[in-house]
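Keep the structure open while reading.

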Amino acid sequence: MEVINNLPDDHEDARDIPPVGVPAKWDYEADIVCIGGGGAGLCAATKALENGATVIILEKQPETGGHSQHAGAAATFFTKAAKRKGLKSNRAAAFKHAYAVQSNATIDPRLLATLIDRAHEIYDWSETQSWGKRWDAFTLGFLPDQGVARMIVKGALKKGPFTSGTELTAQMYPWLQWLEKHVTEKGAKIFINTKALALVKEGERIVGVKAESLNGKILYAKATRAVILAGASFTNNREMLKKYCPDAYKKAFGTFLPPTDTGEVARMAFGAGADIAGINSWAAFAGGIPFFDTSYTGKSEPGPWFQYLRQGWLQLARGGGWLEINTACEEYIPDTARLDYEMHPKASATQPRSTAYVIFDANYPKTVWETLPPPMLDDRPMTLDDPDFPWFDKFKDFAPKNWLDSVKKAIEYGGIKYADTVQGLAKELGLDALKLTAAVKAWNAKSAAGKPDEFGRLPQNMKPIIKAPFYGIKTGAIIAGVYCGPRVNHQFQVLDKEQNPIPGLYAAGLTAGGTSGEGVVAASPLSSVGLAFSTGWIAGANATTDSPSYIPSGMEIEPAIRIQRLANKLNKHFPKFGAFLLKTGYTLIQLIKK
Ligand SMILES: Cc1cc2nc3c(=O)[nH]c(=O)nc-3n(C[C@H](O)[C@H](O)[C@H](O)COP(=O)(O)OP(=O)(O)OC[C@H]3O[C@@H](n4cnc5c(N)ncnc54)[C@H](O)[C@@H]3O)c2cc1C
C-alpha cells in the first residue's frame, strides 16, 4: 500500500497559484484544454468534440479515469434509463427537495435548475453511441419521490443481499474506459503524466495552461476558446481543508478519495481571481479511523489520512452488527440512521468529539457477513472469493484483496484496538471500564432476546460480544468529497469576486464550487460522480457554443433568488437574521402559496 505516502510535495499548500504570462512559444494548441482526465474532464471533452472543437486533456496520473473510475453509482435526474424503468419525474418536486432540504436553501437556484434539467444529457447521448443501453436506474429509498434515479451500469448490481464490497466498487470503470477510447478516436490529445502547474493569462482572459511532464519538461498548451478545470477537489490537502472546509478538518478522520486529490487546480482558479463557493460544504461516510491522531494510535508518526472505501478495515469500522457507542459508552444511533450512508456519519459527528466507538468480538471474520439487510453502500469487505471483475486487480494498491490483511494493517497502525477482557479494551480505547462493561452486558442481553431493540436494531444486527479477544475502533466521518472551489454560474463559467465570468475559464466536477450549497454536509443532488459526468458535459457544451441556448426557468427559481438576494443584503448588517431568512423564507413562500 505504498500509495498512502505517494503524495506530491505541494499537497499541504493552500496558497493561491497566480497565473503566468503568455510564453514566447506555445507547444500545443486546441480550442479546449481540460485540466484533468477524470469523469468531468472526459465528459467535457466528449461534448466539446461533439460540437466540433479540438481538445487537449492534461492528466497528471499515468492513466485517465481519476476517482470517477472507483465509483459505484451516479445520481441523476430524468434519464431515458429511468423512464424505461417507469420511475417518476417531477421537476418541481426535485427542485423543492434539493433546494430546501439538501442545500438548506443555499445553492444557486439557477445552477440547481440546470443540474435538474440537463443532468440526463450525457447518459441519453451515450445510449446513441457504441456504449449502448448499458445504464440501469433505481431510486434511493431514503430520498422522497423527487425524480432522482441512481444510475448504475446495467447488470452490475446483483439482486438479493450483497455478498461483498466489490458489488458497488468501480462499476464506473468500464464507462470511463469507453469515454477515453471515444475521445481518442474523435481526435482528442491526451497527455498523461502531465501535471498542470498554472493558468496562462493574457489581459483579462485565460488563454492556456503551463504544465510539466514526468521527466520535468515544461510545456505550454494554448486554449483558443477555453480552459476547463476538472481536477477534482482537495481532500488530501489538509491545509486547504483547514482554510476552506474547517468543519471537515475538525471532524473528519480521513478521506476515501485517493491521494491525487490535492487541490492545486482550485488554487490556480483562486490565483486567477475566482470567487469561492461552497465553504464548509462536504460529504462524508461512516467508518473513518483516526490513524492521523497519534494520541489515539500511540504511534510516533501519523498514519494514513487516505483510507480506501473498500478497505477491509473501513468496512469493519462501519460494521453493521457491532455495538456502537459514544464517549460516554451510550448507544445513540437508530438503525434507520445507521443504514443510511449520509445519516450515519452525521449522527456520529453530533456526538461529543465527533466520535463513535464500535465494539465487537473475535468472531468478527464470520459475523461481519451475517447482518441483513445490508445497508446501502455499507455492505461487505472484499475477499479473495469475490466475483471476478476483470478490472479488480487494478485497485490492489489501494486495498489488499484479502480484507483480513487490511485489518492486520489497521491493527499495526494502532487504529484497531484489542484486549483479552472488556476492561482491558476500555483502557486501550480510553473509555470508562465500568461503563463499557455495562454497555456490553446490556448489548449481549438485547442480542440474546432475539427481538428488535429500542433503536429498531434487528436481532441479526446485534452480534454478541462474547469471545476474546475483544476489539474496538474509535471511528467517525470519512470525507467523501468537498463541494468547495471556484464559484461557477449555471453555465459553469468561473466567476470573479464581482460575479463576472472570467473570460476563457470554466470548471466542472468536484472542482466547481457551490454545487451542493453553502456550509452543508450533504452531497450534491447528482452525487459526486454524477456531478462530474453531467457538469463536465454542460461545461464542454457551453465552452464550445457562442450563445448557449438553455435558460433555466420554472420550478421555484425566481422566489428562491429573491430570498437569497434579500438574505445576502441583510447578512451584511444583521447576519443572524439573514441566515434565518434564508432557512425559513423559502418554506414560508411555499406555505403562503398553499
Ligand atoms: C472508492 C470510491 C468510491 C466512490 N463511489 C462513489 C459513488 O458510488 N458515487 C459517487 O457519486 N461518487 C463516488 N465516489 C466519488 C467520485 O468518484 C468522485 O468524487 C468524482 O468522480 C470526482 O470526479 P471529478 O471528475 O471531479 O474528479 P476525478 O474523476 O478524480 O478527475 C480529476 C482528474 O484530474 C487529475 N488532476 C488533478 N490535478 C491535476 C493537475 N494539476 N494536472 C493534471 N491533472 C490533474 C486527477 O489525476 C484526476 O484524474 C467514489 C470515490 C472513490 C474513491
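## Fold, core and ligand shell

Among contacts in the chain with a separation of 6 or more, 77% join residues 24 or more positions apart. The model is predicted. The chain holds 20 helices and 18 strands. Of its 594 residues, 53% are buried.

**The core.** In soluble globular proteins, nonpolar side chains tend to be buried together. Here the largest nonpolar core has 164 residues. The members that touch the most other members are Ile 32, Ala 44, Val 55, Val 227, Ile 228 and Tyr 506. Helix α18, residues 527-543, gives the most to this core, with nine residues.

Take Val 227. Leaving out residues up to four places away in sequence, Val 227 touches Val 33, Ile 35, Leu 199, Ile 206, Gly 208, Val 209, Gly 504 and Leu 505.

**The ligand.** The ligand is surrounded by 41 residues. Gly 36, Gly 38, Gly 66, Gly 509 and Ser 527 are the closest. Four elements, α1 (39-50), β7 (194-202), α9 (264-271) and α18, each give two or more residues to this shell.

Which element gives the most to the shell around the ligand? Helix α18 does, with five residues.

The shell around the ligand divides by residue class as follows.

| Class in the ligand shell | Count |
|---|---|
| Nonpolar | 18 residues |
| Polar | 19 residues |

How values were computed. Residues numbered from 1 in each chain as written. Predicted model: local features only at pLDDT ≥ 70, side-chain atom pairs only at ≥ 80, totals over all residues. Buried ≥ 20, exposed ≤ 12 C-beta atoms within 10 Å, placed from the backbone. Contact = placed C-beta atoms within 7 Å. Core = buried A, V, L, I, M, F, W, Y, C linked by C-beta atoms within 7 Å. Near = placed C-beta within 6 Å. Nonpolar A, V, L, I, M, F, W, Y, C, P; charged D, E, K, R; others polar.
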